[in-house]
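Hello,

Here is the structure I promised to pass on to you. Have a look at it first, and then read on for my notes.

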Amino acid sequence: MAVIEVSQHVDARGLSCPMPIVKTAQAVKTAASGELIEVLATDAGSVKDFAAWSRTTGHELVEQSADGGVYRFVIRRK
Amino acid sequence: MTAPTIEPPVVLPVDPIAEAVAIADNWTEPEPVPAPAPEAEPAAAKDLLIIDYSGDLEKVWATLILATTGAAMGVKTRVFVTFWGLQVFVKDSKRITGETWMQKMLSFMQRPGVSHRKLSKMNFLGMGPWMMGTLAKKYGVASPKELLEAAQEMGVEFMPCQMTMDMFGLKPEDMIEGMGEPVGAATVIGLMTENSVPLFI
């Protein structure tokens with residue numbers, strides 16, 4: 001399995017809509033093109049929200065998983 | 001002596017098969033008709049225009065959640081701030097605004113500022129908003145003030161209504177930092193008819 005090098009982490013655990021998306025967007029802004037950003041969230045709505053956000057913004061959702069109520073997303077800045 | 005017979009003119013029968021063959025032999029492929037140009041791609045991201053008419057806590061909350069999310073999704077987001085919505089964008093530290101006694105009275109009756117919003121229902125002298133605030137904190141919901149700061153940081157444009165500012169006697173220095181130029185209804189309609197999805201809250 002390829003090793004994923006994440007350059008930024010966003011901890012949005014415990015935050016409700018829209019803060020996981022808002023914090024991610026703010027982190028993406030400071031990242032370089034192609035860089036990976038890892039987001040942790042506990043908002044159950046974020047699964048659908050990150051898919052929609054990725055579709056609209058064009059930043060690729062590389063990975064997503066859920067573990068005990070914590071959702072993890074890895075995003076590649078376009 | 002016999003009368004000379006007049007030969008009827010020879011009419012050559014038309015041979016439909018021969019004719020078809022002749023057409024087929026001389027057939028040239030017609031120039032291909034160019035395919036119609038594909039329709040212009042629909043605009044990927046339209047702008048978002050929120051009209052914040054209300055100063056009620058729950059509606060201001062909705063306005064700011066949608067505005068920050070719009071900006072987070074890379075959508076150019078503008079908020080036209082008018083009527084009671086204008087009170088939200090007066091500095092929290094301001095208490096009485098306006099020039100005339102009536103303008104002052106109006107600001108006295110509804111404390112301006114994003115942190116002093118009342119619920120449209122179940123306000124109960126501030127008990128409703130206090131409970132909402134407590135629940136919001138417990139569930140990690142950002143307050144309107146936090147959302148407003150995030151919105152400004154992400155480039156949401158807040159445009160106050162010039163007419164309402166005049167009517168309430170609000171001056172640019174009464175408003176929070178970073179407000180846009182005051183505009184009128186024509187700017188709003190202009191944006192709506194150009195490329196903005198409008199929302200009236």
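Which elements of chain B have the lowest and the highest mean pLDDT? Helix α1 of chain B (residues 16–25) has the lowest, at 81, and strand β2 of chain B (residues 77–81) has the highest, at 97. Please keep in mind that this is a predicted model. Chain B averages a pLDDT of 88, with 91% of the residues scoring at least 70. The model itself scores ipTM 0.84 and pTM 0.78. One thing to remember as you browse: where pLDDT is low, the predicted coordinates should not be read in detail.

Let me start with the sheet in chain A. Its four strands form an open sheet in the order β1-β2-β4-β3, and the pairing is mixed. The edges are taken by β1(A) (6–12) and β3(A) (60–67), each of which has a single partner strand, so one side of each is left without a neighbour in the sheet. On average, neighbouring strands of this sheet are turned by 15 degrees against each other, direction ignored.

β1(A) and β2(A) run parallel and are joined by six bridges; here A:Val10 stands opposite A:Val39 in β2(A). β3(A) and β4(A) (residues 70–76), in contrast, pair in the antiparallel sense over seven bridges. A:Asp67 has A:Val70 in β4(A) as its bridge partner.

Two helices go with this sheet. Helix α2 of chain A (residues 46–57) packs on it and touches β2, β3 and β4 of chain A, its direction making about 175 degrees with that of β3(A). Helix α1 of chain A (residues 19–30) lies across β1, β2 and β4 of chain A, and runs at about 155 degrees to β1(A).

Next, the place where the chains meet. The contact takes 12 residues from chain A and 13 residues from chain B. On the side of chain A that touches chain B, α1 and α2 of chain A each supply at least two residues, and the largest share, five residues, comes from α1(A).

Leaving out residues up to four places away in sequence, B:Ala67 touches B:Ile50, B:Thr77, B:Val79, B:Ala151 and B:Val156.

Finally, helix α4 of chain B (residues 127–138). This helix has 12 residues and reaches 17 Å from its first C-alpha to its last, close to the 16 Å expected. α4(B) is hardly covered, with one buried residue among its 12. B:Met132 lies in this helix and counts as partly exposed, because 18 C-beta neighbours are inside 10 Å. Not counting residues up to four places away in sequence, B:Met132 touches B:Leu57 and B:Leu119. After α4(B) comes B:Gly140, whose phi is positive, near 65 degrees.

Enjoy exploring!

Best wishes

Conventions: Residues numbered from 1 in each chain as written. Chains lettered and ligands numbered in written order. Predicted model: local features only at pLDDT ≥ 70, side-chain atom pairs only at ≥ 80, totals over all residues. Expected span 1.5 Å × (residues − 1). Buried ≥ 20, exposed ≤ 12 C-beta atoms within 10 Å, placed from the backbone. pLDDT = per-residue confidence, 0-100. Pairing = 2+ DSSP bridges. Axes fitted to C-alpha atoms, helices over the stretch in contact; angles between N-to-C directions. Contact = placed C-beta atoms within 7 Å.
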